[in-house]
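Thanks for coming. I will go through a few packing details and then stop. Please look at the structure first.

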Amino acid sequence: MRALSAGPVPAAPRPRERERTAFAVLAAISVSHLLNDTIQSLIPAIYPILKSAFALSFAQVGLMTLALMLTASLLQPLVGFYTDRRPTPYSLVAGMGCSLLGLLLLAAARSFGALLTAASLVGVGSSVFHPESSRVARMASGGRHGLAQSLFQVGGNVGSSFGPLLAAFLVVPRGQRAVAWCAGLALAGMAILWRVGGWSRDRHAAAAPMQGRGLVVHQAVTRAQVGWSLAVLGALIFSKYFYLASLTSYYTFYLIQKFHVSVRAAQFDLFVFLVAVAAGTILGGPLGDRFGRKYVIWGSILGVLPFTLLLPRANLFWTSVLTVPIGLILASAFSAIVVYAQELVPGRVGLISGVFFGFAFGMGGLGAAALGQLADRVGIEAVYRLCAYLPAIGLLAGFLPNLDER
C-alpha cells in the first residue's frame, strides 16, 4: 500500500484470506438491515395517505424525503470517521432506538412539522446504523468482501420492499396510528444488534488501533487517481440515486395519475420493483469478486439505460415489466461501488462506508425534493421522461483504474 502522510506509516493489516466467512454474523447484520430499512421505507410508502390527510403538495412530500435522507447522510461520514478510531459496536442499538422514537412520533403526528421531525429521527437512526454495520460485514467476510457487502445490503433492499406491503396491509386499512405497531420491528432490531455488538466488541479488542496511522491507498493507484476515482464514483451515485428517487418516492403517484390504478395496486407494483432491487443487490457483490468491481459498476449503471428510455413510453403492463430489469441491473452497482472505494483507501472502512452510504442517501433526498418541485411544475410524467437519461452518466465508469481485486 502507498502512504500519503509524512513520516513512517505502519504496514496495513494483512488480509485474512484464510479466515472463514462468519455467515451467522452476516445473517444477523443483514436481518438488522432488513428491519432498519423496512422502517425507513415505510415513510415514503405512506406518502399518499399523508398527502391526503395533511393536504401536502408534491414539494412538501419531497421535503419529507429530504429530511429523512439528509439526516441519514450528513451524520454518516462523521460516525464512520469517529468509529474508525474509537469503535463503538453498541451504537447500533442506540441508532435503532432513534428509529423507534421516529415511528412513535410519526404515528401520533398532527402537523407537518411533526412529520418532518419523525422522518429526521428515522434518518438519524440510519446514519448511526450503516457505517458500523458495514464495518461488521467486512470483519465477518473472511476475505470475500463483495459477497459480505451484498449480503449486508440485500437485507436493506428486502426491507425496503416490505415497507409498501406494511403500508398496503396495515396502514392503509387502519390509518396513520397503525404506524405505531411497527415499533416491534425496531425492538427486534435492538435485540439482534445487542448480540452483534458483543461479537464486534470482541473482534475490535484484538485489532490494532487506527491512531497515528497515515492515509494508505491501494498499491495500484496514485493520490491523484484516488481523488479522480472517488469523484467518478460520486457521479455514478448521483445518477443511480436520483433515478431511484423518481421510482421510490413517485412511482405510485405516476401509476395512479397515468393509469388510474388504486393506491393498493400501485403499492404492489412498487413492491415488485423493490424486490428486483433486492435481487440485483445480492448479485452485484459476488459478480464483483469474480469479474472485477469496475466492470460490474460500469455495466450496471450504463446497462440500465435502454430500459429507462423505454419506461415513459410503455403501457401499464410493460411499465410493470420494465421496472424489474431496471431494479435488477441498477441495484447491482452499489455493493461493487462501496467495496471498490474501500479497496482504494484500505483501513478507513467506517469513513468510506459513511461517506458513500451518506452520499447515496443525500442524493436520494435531494433527488426526491428536486423532482417533487419539478413534478409540481411540469407534471409527474415529464419527470420520468427527463430522468430516463440519467444512467448515461455510467460512461464515466470507463475511466476508473483497474484494482485487480480478483
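**Helix packing**

Gln-40, setting aside neighbours within four places in sequence, is in contact with Leu-68, Met-69, Val-122, Ser-126 and Phe-361. Keep in mind that this is a predicted model. Gln-40 sits in helix α1, residues 23-45. Is Gln-40 buried or exposed? The relative accessible area of Gln-40 is 7%, and because under 20% counts as buried, Gln-40 is buried.

Next, the pair α3 and α6. Helix α3 covers residues 58-74 and helix α6 covers residues 112-139; they pack at an angle of about 30°, with axes 6 Å apart. That angle makes α3 roughly parallel to α6, because angles under 35 degrees count as roughly parallel. The crossing of α3 past α6 is right-handed.

Which residues meet there? From α3 they are Gln-60, Leu-63, Met-64, Ala-67, Leu-68, Thr-71 and Ala-72. On the α6 side, they include Phe-112, Leu-115, Leu-116, Ala-119, Val-122 and Ser-126. By type, the residues of this contact of α3 with α6 are 11 nonpolar, 6 polar and no charged.

Last, helix α12, residues 293-302. Its buried residues are Arg-293, Lys-294, Val-296, Ile-297, Ser-300 and Ile-301. Viewed down the axis of α12, these buried residues fall within an arc of 165°, so they line one face of the helix. As background, an α-helix has 3.6 residues a turn, so residues three or four places apart point the same way. What do the buried residues of α12 pack against? Their partners are α7 (145-174), α9 (223-248), α11 (263-291), α13 (305-310) and α14 (316-344).

Terms used. Residues numbered from 1 in each chain as written. Predicted model: local features only at pLDDT ≥ 70, side-chain atom pairs only at ≥ 80, totals over all residues. Heavy atoms only, no water. Axes fitted to C-alpha atoms, helices over the stretch in contact; angles between N-to-C directions. Helix = DSSP H or I, 4+ residues; strand = E, 2+ residues; numbered from the N terminus. Parallel < 35°, antiparallel > 145°, perpendicular 65-115°, else oblique. Left-handed = near helix turned anticlockwise from the far one by under 90°. Contact = heavy atoms within 4.5 Å. Nonpolar A, V, L, I, M, F, W, Y, C, P; charged D, E, K, R; others polar. Buried < 20%, exposed > 50% of the residue type's maximum accessible area, 1.4 Å probe, protein only. Arc of directions from axis to C-beta.
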